[in-house]
Amino acid sequence: MSIHQVNPADHSGANRNLNNYVAKQVVAQALGLNTKPSPVENEQTEAAGTTPSQEAEPVLVSSTVAPASESESEEVSLPPVSLPLRQYAGEAQLMAAILDWQRNLRKELEADNLATEHPPAGSDSNYRAKLVVAKAVGLQPEPSPKEDEQSETAPGLEAEPLLVSSMAAPAPELEEADLPPASPPPRQLPEPTLPLPPGVKRGLPTHTSQDFRHLPRHVWLVRDVFHGGEIIILWGESQAGKTALLLDMVAAIASGSDWAGHPVTPTNVIYVALEGQIGVRTRVQALEHDRGVNHLEGIHYVFNPCNVSSEEDVNELALTALKHDAKFIVIDTLSASIAGMAEENSNSAMAGMIANVQRLTQMTGAAVLLVHHCGNDPKRGARGAYALHANPDVSIEVGRSGEDRYWRLAKGRDGEPAAGWFKIEGVSFQPEHETEPLKSIVVRHVEDAKAPAALPSPKTKAQERADEALKAITLQLHVAGIGVDGEQSPGEATHEAISKVVAQAFKDKCDNGEEGYGSNHRAKNVREAIQSLIDAGLLILHEGKVRLPR
């Protein structure tokens with residue numbers, strides 16, 4: 001912080017020196033510095049025969065720590081500052097002293113302003129000294145009453161030579177009481193704490209809702225069933241009619257005719273037939289014969305191996321679809337496509353396969369349908385990893401009830417839940433190039449039939465274990481009943497005895513090869529199964545005994 005010297009006006013030397021001395025004396029007292037005697041004291045000291053003090057003249061308020069220029073060093077020197085009440089160092093020490101003395105000086109000046117019109121003798125000179133120092137430290141006090149009366153004749157304060165210090169903001173070390181009350185800071189979200197790696201220059205494109213009208217929208221490929229560009233899994237048990245139903249759908253999409261009462265958007269189709277290729281060819285001929293056409297245009301069949309978990313194969317399939325401008329691709333079946341390359345019970349493998357198929361849809365804009373099988377229990381859905389249930393956009397179930405068959409939208413993105421009934425009908429025909437008739441099947445959709453109800457959700461393993469536990473408990477309590485020591489206790493048994501019965505039932509299931517009943521967590525599974533039955537009200541626990549509800 002720099003020190004500026006104000007040029008003095010022409011006044012008598014005695015008056016100027018006295019006023020300067022008074023101002024410096026006040027600052028020195030505020031800062032706790034030693035001062036050298038005034039000119040009058042020097043004269044009195046010389047008359048008394050003593051040597052005047054050689055201490056350096058104190059400087060007015062200054063916060064600089066840099067050495068003064070040569071011209072300034074001739075006039076003033078910086079004595080050490082002593083602050084007994086506040087322990088600060090360097091510039092903070094001087095600024096703390098200035099702030100303390102400013103407050104005291106302000107109070108005294110306010111008291112002077114409230115004084116009477118005839119202040120005591122000497123008060124005016126005291127006021128002038130305080131005013132000089134106040135100006136030096138940046139305060140603006142009101143003039144004294146006597147100054148008001150003599151304003152026209154008295155010399156201005158600006159005429160006195162002053163050393164003015166340009167004060168900086170209070171140091172952070174100062175006490176809170178020394179700072180003016182600050183308004184609470186506004187809420188501010190966190191700033192970045194991790195810099196971007198070097199070389200990152202490209203961001204991602206963004207859009208606002210105003211851009212949406214120019215971006216692609218969903219278009220139904222089969223209305224209320226699936227859109228273009230989606231991934232569909234069509235699954236069902238063996239002999240349910242999956243391939244026959246799918247060929248019927250492909251023919252409708254390629255020809256632009258409704259399918260099962262649902263309008264379609266016509267497009268070319270790529271049909272990858274990897275199972276029963278001879279049977280597929282015969283069914284296609286039967287379908288064309290039934291429709292009265294020589295061949296269905298727009299459908300291109302692939303009989304070569306094509307693994308959808310292989311990036312190279314998917315790239316070749318994409319090129320084929322683009323070549324024929326096909327927006328619908330069928331993989332029949334998924335298991336034949338990934339055989340030996342990916343494990344369908346592995347979530348990571350199936351998630352990777354779906355990601356590869358998603359890339360196929362992005363390269364072609366086509367919807368991709370995967371034909372898949374269900375497990376031993378159709379109620380549990382498509383077989384394999386959970387990713388096959390969760391990751392596709394649409395899931396279509398194909399099932400049978402006696403001679404009747406149905407399809408049902410088990411999972412879809414938009415639209416009303418769709419479903420329908422169909423029948424398989426045998427046909428016989430003889431192509432021109434064949435020497436004897438061929439037999440195959442075609443699909444007949446049942447119109448105005450009540451849509452099949454959704455099958456109950458597959459039970460979890462915990463629910464299956466609870467069912468098995470209830471069977472075992474019911475059998476024991478109804479037949480003989482058991483107690484802790486094996487005594488007869490018809491209709492009820494202790495919790496410990498019931499646990500033994502359930503544990504034995506779980507062991508039997510494990511010995512028969514059932515999953516989820518192993519010995520690793522058997523004790524835990526037994527406790528959870530019994531507790532779930534109690535919570536559901538299927539068992540009553542009272543005073544340590546378990547019984548069935550009456």
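E288 has its place in helix α8 (residues 277-291); helices here are DSSP runs of H or I with at least four residues, strands are DSSP runs of E with at least two, and both are numbered from the N terminus. This is a predicted model, in which local features need pLDDT of at least 70 and side-chain atom pairs count only at pLDDT 80 or more, while totals for chains, interfaces and linings use all residues. Residues are numbered from 1 along each chain as its sequence is written, and side-chain values use heavy atoms, with hydrogens and water left out.

**A buried glutamate and an enclosed helix**

Let's stay with E288 for a moment. This residue is buried yet has no salt bridge, and the nearest side chain of opposite charge, R291, is 9.1 Å away. Buried means under 20% relative accessible area, exposed means over 50%, and partly exposed is in between, with a 1.4 Å probe and protein chains only. A salt bridge is a side-chain nitrogen of Lys or Arg within 4 Å of a carboxyl oxygen of Asp or Glu. For charges, Lys and Arg count as positive and Asp and Glu as negative, while His and the chain ends are not counted. Leaving aside residues up to four places away in sequence, E288 touches V293, N294, H295 and L296, where contact means heavy atoms within 4.5 Å.

Helix α7 (residues 242-255) has 14 residues and reaches 20 Å from its first C-alpha to its last, close to the 20 Å expected at 1.5 Å a residue. The expected span is 1.5 Å times one less than the number of residues. Of the 14 residues of α7, 13 are buried, so the helix is largely enclosed by the rest of the structure. G256 follows α7 and has a positive phi, near 80 degrees.

**Salt bridges**

A search of the whole structure finds 8 salt bridges. Among the residues involved, D290, E425 and R444 are linked in a network.

| Pair | Closest N and O atoms |
|---|---|
| K471 and E468 | 3.6 Å |
| K507 and D511 | 3.1 Å |
| E528 and K524 | 2.8 Å |

K471 and E468 both lie in helix α13 (residues 461-479), 3 residues apart, or about one turn of the helix. K471 counts as exposed because its relative accessibility is 56%, whereas E468, at 19%, counts as buried.

In helix α14, K507 and D511 are 4 residues apart, so about one helical turn separates them. K507 is partly exposed, with a relative accessible area of 36%, and D511 is exposed at 53%.

E528 and K524 are likewise separated by about one helical turn, being 4 residues apart in helix α15 (residues 522-535). E528 is partly exposed at 39% relative accessible area, and K524 counts as partly exposed at 40%.

How many strands make up the open sheet with the order β14-β16-β15? There are 3, with antiparallel pairing. The edge strands are β14 (492-494) and β15 (540-542), each of which pairs on one side only. From one strand to the next, the twist averages 30 degrees. Strands of a sheet pair through backbone hydrogen bonds, either parallel or antiparallel; here two strands pair if DSSP finds at least two bridges between them. Strand β15 is joined to β16 (residues 545-547) by 3 bridges, and the two run antiparallel. The bridge partner of H542 in β16 is K545.

Helix α14 (residues 495-511) lies across β14, β15 and β16, running at about 95 degrees to β14. Axes are lines fitted to C-alpha atoms, for helices over the stretch in contact, and angles run from 0 to 180 degrees between N-to-C directions. With 17 residues, α14 reaches 24 Å from its first C-alpha to its last, close to the 24 Å expected at 1.5 Å a residue. Its buried residues are A497, I498, S499, V501, V502, A505 and F506. Just after α14, G513 takes a positive phi of about 90 degrees.

**Around D404**

D404 counts as partly exposed because its relative accessibility is 32%. Residues up to four places away in sequence aside, D404 touches W421, F422 and K423.
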